[in-house]
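Hi,

Here is the structure I said I'd pass on. Have a look at it, and then read my notes on the ligand, the pockets and the cavity.

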Amino acid sequence: MADQPSLKDVRAATLVNPKAKKPVSLSDFETHGGKIFDSKKDAKASLEEDALAINGLQDARFAGKAGALLIVMQGIDTSGKDGTTKEAFKYTSPLGVHVHAFGKPTEEDLAHDYLWRLHKRTPRRGHIGVFNRSQYEDVLVVKVRKLAPPELVEQRYEQINQFEKHLVENGTRVLKLMLHMSKKEQGDRLRERLEVPEKRWKFNPSDLEDRKLWPEYEAAYETVLQRCSTPWAPWHVVPSDSRSRRDAIAAKLIRGELEAMKPEYPDPGYRPEQFSID
Ligand code: ADP
């Protein structure tokens with residue numbers, strides 16, 4: 001078996017460098033993940049190890065109420081936002097992991113500023129929050145489908161950067177994962193949804209409308225990566241054509257964030273020898 005990639009390797013292959021001078025092009029990032037993991041077998045072994053480590057790290061963080069971690073998961077339909085979350089946290093207690101899927105805003109959401117519904121769902125200390133879609137929908141679907149005036153959308157990149165800076169400065173780490181998939185792979189997955197009876201519920205005809213807007217979405221994502229990969233909350237582009245490689249890459253990055261928080265079990269405030277249990 002070839003050497004497994006280290007966290008450093010995975011970070012280097014996926015990071016959108018906040019200081020890069022060159023405009024971001026999605027074509028510079030692979031969709032397959034073969035450069036990171038030689039084989040699916042390697043990816044599966046790596047995921048297994050990292051998913052177990054995530055459980056151990058999160059258990060200590062939960063006990064110690066150490067910092068908060070927000071994982072922002074963005075990607076075009078079928079890119080695997082649900083599947084990635086499920087795999088990375090398959091051994092972790094659901095107690096401290098909260099997933100919020102942000103669909104079309106409700107009437108109440110729309111009666112507030114667009115960040116209101118997101119800020120309400122940010123994780124508390126010791127917990128992990130996963131945003132399945134996020135504040136970035138307000139500069140992706142909203143931009144592509146022209147749901148808000150362009151000058152309002154234009155202001156949002158900097159507003160989002162400042163929102164994330166506020167979170168980071170107040171004890172929340174922010175990990176942003178863009179699940180990057182080819183148009184061909186999306187076609188295969190949409191067809192699979194129609195063909196497999198258990199997957200039909202996931203098919204939504206509006207996904208085909210979005211598929212027609214593929215170049216517009218790609219351009220909108222490139223602008224997001226260009227303008228919102230910041231030193232405090234950089235973007236990572238996760239190759240997502242191969243489910244096993246995608247899950248392994250995301251799990252490695254999540255484990256890296258948890259390790260960086262150096263979780264420790266809290267001092268219980270007593271010595272076990274003080275007690276005897278009959
Ligand atoms: P998913 O496709 O993630 O499984 P849904 O089928 O509920 O979930 O789709 C959610 C839809 O809500 C997507 O089409 C997404 O673009 C849309 N959406 C999310 N946020 C916004 C927003 N702020 N404004 C308009 N539409 C949004």
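Below is what turned up, starting with the ligand.

Before that, the ground rules: this is a predicted model, so local features need pLDDT of at least 70 and side-chain atom pairs count only at pLDDT 80 or more, while totals for chains, interfaces and linings use all residues. Residues are numbered from 1 along each chain as its sequence is written, and side-chain values use heavy atoms, with hydrogens and water left out.

**The ligand**

The ligand sits in the largest pocket. A pocket here is an open set of points on a 1 Å grid over the protein atoms alone, with protein on both sides within 12 Å along at least five of seven lines, and lining residues have an atom within 4 Å of a point. "Sits in" means that more than half of the molecule's atoms lie within 2 Å of the grid points.

Around the ligand you'll find Asp-77, Phe-102, Gly-103, Lys-104, Pro-105, Arg-117, Arg-133, Glu-137, Asp-138, Val-141, Val-142 and Leu-147 (a heavy atom within 4 Å counts as near). That shell has six charged, five nonpolar and one polar residues; Ala, Val, Leu, Ile, Met, Phe, Trp, Tyr, Cys and Pro count as nonpolar, Asp, Glu, Lys and Arg as charged, and the others, Gly among them, as polar.

Gly-103 uses a backbone N or O atom, 3.2 Å from a ligand nitrogen. Arg-117 has a polar side-chain atom 3.2 Å from a nitrogen of the ligand, and a side-chain N or O atom of Asp-77 is 3.4 Å from a ligand oxygen. On its own the ligand exposes 560 Å², of which the protein buries 71% (Shrake-Rupley areas, 1.4 Å probe).

The largest pocket has a volume of about 1500 Å³, a volume being the space filled by probe spheres set on the points, which are joined across faces, edges and corners. It is lined by 49 residues, and those closest to its centre are Asp-77, Lys-81, Phe-102, Asn-132 and Arg-133. By class the lining has 24 charged, 14 nonpolar and 11 polar residues. Helix H3 gives the largest share, five residues (helices are DSSP runs of H or I with at least four residues, strands runs of E with at least two, numbered from the N terminus).

The second largest pocket comes to about 200 Å³. Strand E4 (residues 172–180) supplies the largest share of its lining, four residues. Its lining splits into seven nonpolar, four charged and one polar residues, including Arg-11, Trp-232 and Glu-257.

**The cavity**

Searching the whole structure gives one cavity of 30 Å³ or more, where a cavity is a set of points that a 1.4 Å probe fits but cannot get out of. The largest cavity holds about 90 Å³ of space. Among the residues lining it are Leu-26, Ile-76, Met-178, Trp-214 and Tyr-221. E4 and H10 are the elements that give two or more residues to this lining, and H10 gives the most, with four. The cavity lining has eight nonpolar, one polar and one charged residues.

Cheers

Definitions and conventions. Polar contact = N/O pair within 3.5 Å; in protein donor to acceptor, adjacent residues only side chain to side chain.
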